[in-house]
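Hi there,

Here is the model I promised to pass on to you. Please open it alongside this email, and my notes follow below.

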Amino acid sequence: MNGAAPGESSTEVLRVDDLSVRLGGRQILDEVSFTLAEGEFAGLIGANGAGKTTLLKVILGLIQPSAGRVLINGAARSRHSSQIGYVPQKIDLDPDMPLRARDLIGLGLDGHRYGLPLRSAQRNARIDEMISAVDAEKFADSRIGNLSGGEQQRVMIAHALISRPRLLLLDEPLANLDLRSGQEVVTLLSEIAKQQQVGVLLSAHDMNPLLPVIDRVVYMAAGRAASGSAEQIIRTETLSELYRHHVEVIRVGRRVLVVAGEEPAIQVLGQADDCADHDHGDQSNSN
Amino acid sequence: MNSVSIKSAAIFAPGFFANGPVHTALLIGSVVAVVSATVGTFTVMRGQSFAGHALSDIGTAGGAAAPLIPVPSIYGFVAVNVVAAALMDLLGVRSPRARDVATGIVLGGALGLAALFLYEDTTTTSNTGTVATVLFGSIFALQSSLIPVVAGFGVAALTITLLLYRPLLLSSISTDLAATKGVRVRLVAIAYLLALAVAVSLSALTIGAILSTALLIGPAATALRLVKRTGQALVLASGIGVAAVGLGVLLAYDSVSWTDNGQGWPVSFFIVALLFGTYVITLLVTRHQPHRNA
């Protein structure tokens with residue numbers, strides 16, 4: 001139970017053991033290990049290409065690992081899994097899609113089943129429960145394609161949680177959100193993790209919006225991962241070891257930047273991989 | 001009373017309801033409209049309109065080959081479209097781009113065959129109308145013996161589509177999401193493509209191979225702009241399809257008296273014109289309402 005606070009009778013919802021993935025001769029994941037307990041909110045942090053999406057796909061069973069294993073609630077994952085809720089990065093929601101937010105949430109219960117959907121009072125009650133859990137009452141009867149990015153994320157979270165999974169995975173949910181919507185989604189997830197005792201693993205290339213609320217950081221670089229509390233991981237020594245290159249952790253106000261060492265050549269590694277994202281970070285700082 | 005009967009006589013030309021070919025046309029046309037609209041609603045939602053249109057053109061090869069065997073053209077349409085759908089799926093598994101390329105390749109090959117078969121049709125059979133029938137349909141020439149065949153294929157396509165209702169919706173949103181829920185995404189995609197092949201074949205039988213997309217996409221695209229629930233879209237699209245076919249048949253029947261030579265205008269023209277007009281009007285009416293359902 002690496003990282004679980006002593007005395008806390010936390011149940012482990014996810015265990016990743018020495019997970020490696022090789023695709024086309026490239027090592028995408030290199031002996032990644034970490035655990036996640038119920039009610040714990042973890043940020044999966046890393047630049048694009050660090051292996052975050054691959055890791056999530058292995059946990060979901062969409063990619064087979066070349067070595068290592070994934071345990072969900074202490075057991076190997078089964079195919080028809082309602083144990084994992086998942087919010088994918090790319091969702092295709094055309095404005096003309098004839099689906100209301102509440103219909104999409106309902107698909108989280110029985111979208112994998114064949115035949116026409118049957119409505120029941122029980123099903124509707126559960127949908128209403130999820131709608132209020134993510135604060136989506138105002139747009140529950142609107143078409144999903146007409147909702148803003150933040151509203152869509154709330155609906156997708158409700159969709160993912162309606163089948164009462166113990167584990168929720170989100171792939172870059174903040175990528176296309178403005179700062180305020182992103183902050184709202186993060187706060188919502190933090191509340192849900194605690195109230196519903198769900199283990200939440202959220203991938204992001206910028207850790208700063210997450211730092212105030214996450215219990216754990218799983219930091220990825222070049223397919224390797226380091227896991228622990230933010231204080232343990234976001235340190236010059238730990239990250240330098242992970243990157244196998246000297247990096248510097250710099251705190252600017254309440255923001256953390258991870259930059260490459262060797263003084264003059266300052267290159268932002270931890271939260272972004274190009275200048276555009278760097279600018280984006282500055283905006284959030286002044287906000 | 002008198003004026004009403006005169007008016008109705010003007011709309012329904014004499015003999016309309018007593019005419020055998022009209023009955024067959026209306027019956028087959030309605031079945032085809034419902035199947036096309038239902039399958040088409042998912043075609044539009046899944047962004048497979050290009051595959052749908054390709055299949056309709058591809059069907060030309062089957063429709064053209066049928067008289068050479070000879071078998072009724074519906075068997076030619078279904079056989080070629082089902083094989084083409086399977087090929088498209090095999091060739092274009094990986095990405096949307098691969099899917100488009102596969103569709104294009106199969107389309108090109110099939111049109112080559114269509115050119116050969118249509119040429120053979122005109123040189124070896126005495127029926128010079130075959131080319132026009134295959135390409136543009138002839139709903140009034142359908143034999144009533146085809147009704148059970150059309151009904152059979154129609155029920156098969158509808159059953160597949162309605163069985164896959166929820167998995168299709170889920171995988172339209174995200175195939176990864178559907179896969180993590182245990183949906184066999186690949187199986188669902190193949191089964192749906194087969195239903196699409198059959199629907200397009202039925203449509204080709206009524207309004208012709210190259211126009212059949214109109215019945216597939218038109219009612220569905222119109223309905224998707226007007227309602228916000230999938231079930232409502234299926235019902236509305238079916239209604240629009242049936243209305244367009246019924247009105248088209250009626251107008252074509254009436255049009256005989258519009259022209260001096262007594263030949264009238266082709267029914268496919270009326271059906272497609274009605275579908276197109278309905279879509280354009282819907283587009284204009286809803287164009288300023290981005291949040292029309294909010």
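**Confidence in the two chains**

Chain B has a mean pLDDT of 87, with 92% of its residues at 70 or more. Please keep in mind throughout that this is a predicted model. Within chain B, helix H7 (residues 147–163) has the highest confidence, at a mean of 95, while helix H1 (residues 2–11) has the lowest, at 46. Residues 1–9 of chain B stay under 50 in pLDDT, and the model gives that stretch zero contacts beyond four places in sequence.

For chain A, the mean pLDDT is 83, and 86% of the residues reach 70 or more. Two stretches of chain A stay under 50. One is residues 1–8, for which the model has ten contacts beyond four places in sequence. The other is residues 270–287, with 25 such contacts. Where pLDDT is low, the predicted coordinates should not be read in detail. For the complex, the predictor gives an ipTM of 0.83 and a pTM of 0.84.

**Where the chains meet**

The contact between the chains involves 31 residues of chain A and 31 residues of chain B. On the chain A side, strand S6 (84–87) and helix H2 (101–110) are the elements that give two or more residues. H2(A) gives the most, with three residues. Sorted by class, the chain A side has 14 nonpolar, nine charged and eight polar residues.

Eight of its ten residues are buried, so H2(A) is largely enclosed by the rest of the structure. The buried ones are Ala101(A), Arg102(A), Asp103(A), Leu104(A), Ile105(A), Gly106(A), Leu107(A) and Gly108(A). Which elements cover the buried residues of H2(A)? The cover comes from both chains: it includes helix H3 (121–133) and helix H4 (149–161) of chain A, along with helix H8 (165–173) and helix H12 (230–255) of chain B.

**Chain A and one of its buried residues**

Chain A contains eight helices and twelve strands. Of its 287 residues, 44% count as buried. Looking at contacts in chain A between residues at least 6 apart in sequence, 65% join residues at least 24 apart.

Val16(A) makes a handy example. This residue sits in strand S1 (residues 12–23) of chain A. Is Val16(A) buried or exposed? With 24 other C-beta atoms within 10 Å, where 20 or more are needed, Val16(A) is buried. Leaving aside residues up to four places away in sequence, Val16(A) touches Val32(A), Ser33(A), Phe34(A), Ile59(A) and Val70(A). Ala260(A), by contrast, lies 244 residues from Val16(A) in sequence and 29 Å from it in space, C-alpha to C-alpha.

**Helix packing in chain B**

I looked at two helix pairs here. In one, helix H4 (residues 73–91) and helix H5 (residues 96–124) of chain B pack at an angle of about 145 degrees, and their axes are 8 Å apart. The crossing of H4(B) past H5(B) is right-handed. H4(B) brings Val80(B), Ala84(B), Leu87(B), Met88(B) and Leu91(B) to this contact, where they meet Ala102(B), Thr103(B), Ile105(B), Val106(B) and Ala110(B) of H5(B). Nine of these residues are nonpolar, one is polar and none is charged.

In the other pair, helix H11 (residues 212–226) of chain B packs with H12(B) at an angle of about 130 degrees, with their axes 8 Å apart. H11(B) and H12(B) are therefore oblique to each other, and their crossing is right-handed. From H11(B) come Leu215(B), Pro219(B), Ala220(B), Thr222(B), Ala223(B), Leu224(B) and Leu226(B), and they meet Ala233(B), Leu236(B), Ala237(B), Ile240(B) and Gly241(B) of H12(B). By class, this contact has ten nonpolar residues, two polar and no charged ones.

**One residue in H7 of chain B**

Finally, Leu162(B) belongs to helix H7 of chain B, the helix with the highest mean confidence in that chain. Leu162(B) has 16 C-beta neighbours inside 10 Å and so counts as partly exposed. Thr38(B) is 124 residues from Leu162(B) along the chain, and their C-alpha atoms are separated by 8.6 Å.

Happy to talk any of this through.

Best wishes

Note on methods:
Residues are numbered from 1 along each chain as its sequence is written. Chains are lettered from A and ligands numbered from 1 in the order in which they are written. This is a predicted model: local features need pLDDT of at least 70, side-chain atom pairs count only at pLDDT 80 or more; totals for chains, interfaces and linings use all residues. Two residues are in contact if their C-beta atoms, placed from the backbone, lie within 7 Å. Helices (H or I, at least four residues) and strands (E, at least two) are DSSP runs, numbered from the N terminus. Ala, Val, Leu, Ile, Met, Phe, Trp, Tyr, Cys and Pro count as nonpolar, Asp, Glu, Lys and Arg as charged, and the others, Gly among them, as polar. A residue is buried if 20 or more other C-beta atoms lie within 10 Å of its own, exposed if 12 or fewer, and partly exposed in between; C-beta atoms are placed from the backbone. Axes are lines fitted to C-alpha atoms, for helices over the stretch in contact, and angles run from 0 to 180 degrees between N-to-C directions. A crossing is left-handed if the near helix is turned anticlockwise from the far one by less than a right angle, and right-handed if clockwise. Angles under 35 degrees count as roughly parallel, over 145 as roughly antiparallel, 65 to 115 as roughly perpendicular and the rest as oblique. pLDDT is the predictor's confidence in each residue, from 0 to 100.
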